[in-house]
Amino acid sequence: MLSPRFKNDGKPIYKLNEIQLQAKADVELKIEKGQYEFEEVNCAACKSKEHELLAEKDRYGLTYYTVICKNCGLVYVSPRMTEKAYAEFYNAEYRKLYIGVEAPRAKFFIKQTNRGKRILKFVNKHYKFNNKTIDVLEVGCGAGGILEVFKQAGHNVVGIDLDEKYLNYGKEKFGLNLISSTINDLDENIKADLIIYAHVLEHILDLDKELAMIKKHLKPDGIVYIEVPGVRYVHKTSEMDFLKYLQNAHVFHFSLNSLNRIFYNNGFKNICGNEYIRALYKQCDKKQDIAYTNEYSKVLNYLTKTEKNLYSFIFWIKKPFWIIKKLYKKYIKE
Ligand SMILES: [Zn+2]
């Protein structure tokens with residue numbers, strides 16, 4: 001384990017509101033009653049079983065086993081909740097736990113459009129569609145704020161998600177073309193020049209199956225945009241805290257290398273990307289021999305160092321307050 005902080009003591013690292021506390025209690029009860037079952041899985045990048053435990057809980061204090069593959073360095077969750085358990089979790093507790101509100105709000109949509117602007121900029125910078133109108137498909141679109149940006153830029157957009165409340169928000173308020181569907185059930189005539197997965201792929205249980213479906217809906221020259229919270233970028237996000245980064249809906253914590261490897265295994269090649277992670281992929285016909293290095297030591301060292309830095313960060317922030325408190329007690333109170 002990375003440090004004793006990651007032991008499963010049920011304590012959240014954030015202060016949760018009433019809605020979140022209720023959702024957390026519901027999940028815990030379902031785990032206790034065996035309604036939410038767990039299963040062991042192999043590494044999705046190299047199929048190895050050899051892993052090392054990093055954490056037993058997530059930021060909400062929920063049971064959550066984060067491991068690192070010793071053979072390739074992919075950070076993933078095992079044992080993890082089964083497909084059936086996750087399906088119910090997304091339906092019943094996910095939004096309440098993660099957003100802390102029950103229904104979509106304008107604030108959520110604005111956050112999505114801001115993300116959409118950054119995605120449009122990234123795609124335009126790295127891939128030339130030569131100013132033509134393209135067909136965009138977003139998987140896990142929520143209320144459709146990202147697609148609204150592409151629509152405003154003159155493109156044809158379709159979004160899919162399973163949350164009716166969020167879909168209706170985008171449909172009714174912005175007239176977006178949003179469908180309640182998974183990519184597995186999507187009309188096979190829908191083909192896109194650009195498929196977007198923004199903060200979605202880390203939730204997907206079967207990546208090989210998902211990438212096969214992406215191929216089905218991608219035009220031959222089309223590209224895939226992936227945005228996920230990079231495991232080697234924690235020092236710049238999540239308040240530099242790996243525990244704050246962990247959330248039980250995420251079953252993978254990718255680095256650019258591990259993501260590239262999974263895509264390559266499924267017939268895609270990386271066009272560009274960074275550790276944030278934002279990356280573009282396109283299909284490749286030929287299997288070239290790309291040698292992927294085992295990132296195990298590199299990623300583990302990174303996470304160990306991040307944890308160590310956190311202590312010194314907190315220490316230096318808190319130190320002046322400790323001194324003031326001591327002085328107060330010594331000279332004023334007594
Ligand atoms: Zn592996």
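The legends below describe close-up views of a predicted model. Local features are given at pLDDT of at least 70 and side-chain atom pairs at pLDDT 80 or more, whereas totals for chains, interfaces and linings use all residues. Residues are numbered from 1 along each chain as its sequence is written, and side-chain values use heavy atoms, with hydrogens and water left out.

View A. The zinc ion has as its protein donors Cys43 (SG), Cys46 (SG), Cys69 (SG) and Cys72 (SG), lying 2.3 Å from it; donors are N, O and S atoms within 2.8 Å of the metal (3.2 Å for Na, K and Ca), and since water is not among the atoms, sites may look incomplete. The angles among the four donor atoms are 101 to 116°, and the site is tetrahedral, a label given to four donors if all angles lie between 85 and 135 degrees. Ideal angles for four tetrahedral donors are 109.5 degrees. Along the chain, the donors of the zinc ion follow the spacing C-x2-C-x22-C-x2-C. Distant parts of the chain are linked by the pair of Cys43, in the loop between strand E1 (38-39) and strand E2 (51-57), and Cys69, in strand E3 (residues 63-69), which are 26 residues apart. Strands (E, at least two residues) and helices (H or I, at least four) are DSSP runs, numbered from the N terminus. Both Cys43 and Cys69 are buried, where buried means under 20% relative accessible area, exposed over 50% and partly exposed in between (1.4 Å probe, protein chains only).

**View B. Ser78 and its surroundings.** Ser78, in the loop between strand E4 (75-77) and strand E5 (80-81), is buried because its relative accessible area is 2%. Its side chain is joined to that of Glu40 by a polar contact of 3.4 Å; a polar contact is a pair of N or O atoms within 3.5 Å, of which, within protein, one must be able to donate a hydrogen and the other to accept it, and residues adjacent in sequence count only if both atoms are side-chain atoms. Neighbours within four places in sequence aside, Ser78 is in contact (heavy atoms within 4.5 Å) with residues including Glu39, Val41, His51 and Tyr65.

**View C. His253 in strand E11.** His253 lies in strand E11 (residues 252-253) and counts as buried because its relative accessibility is 1%. A polar contact of 3.0 Å joins the side chains of His253 and Tyr64. Not counting residues up to four places away in sequence, His253 also touches, among others, Thr66, Leu74, Val231 and Tyr245.

**View D. Helix H1 and its buried side.** The buried residues of H1 are Gln20, Ala23, Lys24, Val27 and Lys30. They cover an arc of only 130° around the axis, so they lie on the same side of H1; the arc is that of the directions from the helix axis to the C-beta atoms. These buried residues pack against helix H2 (83-92) and helix H3 (94-99), while the face turned away from the buried side carries the exposed residues Glu18 and Glu32. At the N-terminal end, Asn17 caps H1 through a side-chain oxygen 3.0 Å from the backbone nitrogen of Ile19, and H1 is followed by Gly34, whose phi is positive, near 80°.

**View E. Helix H5 among its packing partners.** Helix H5 (residues 145-152) is mostly covered, with six of its eight residues buried. The elements against which the buried residues of H5 pack include helix H4 (106-126), strand E6 (135-139) and helix H6 (164-174). Gly154, with a positive phi near 95°, follows H5.

Methods:
Tetrahedral: all angles 85-135°; square planar, octahedral: opposite > 155°, others 65-115°.
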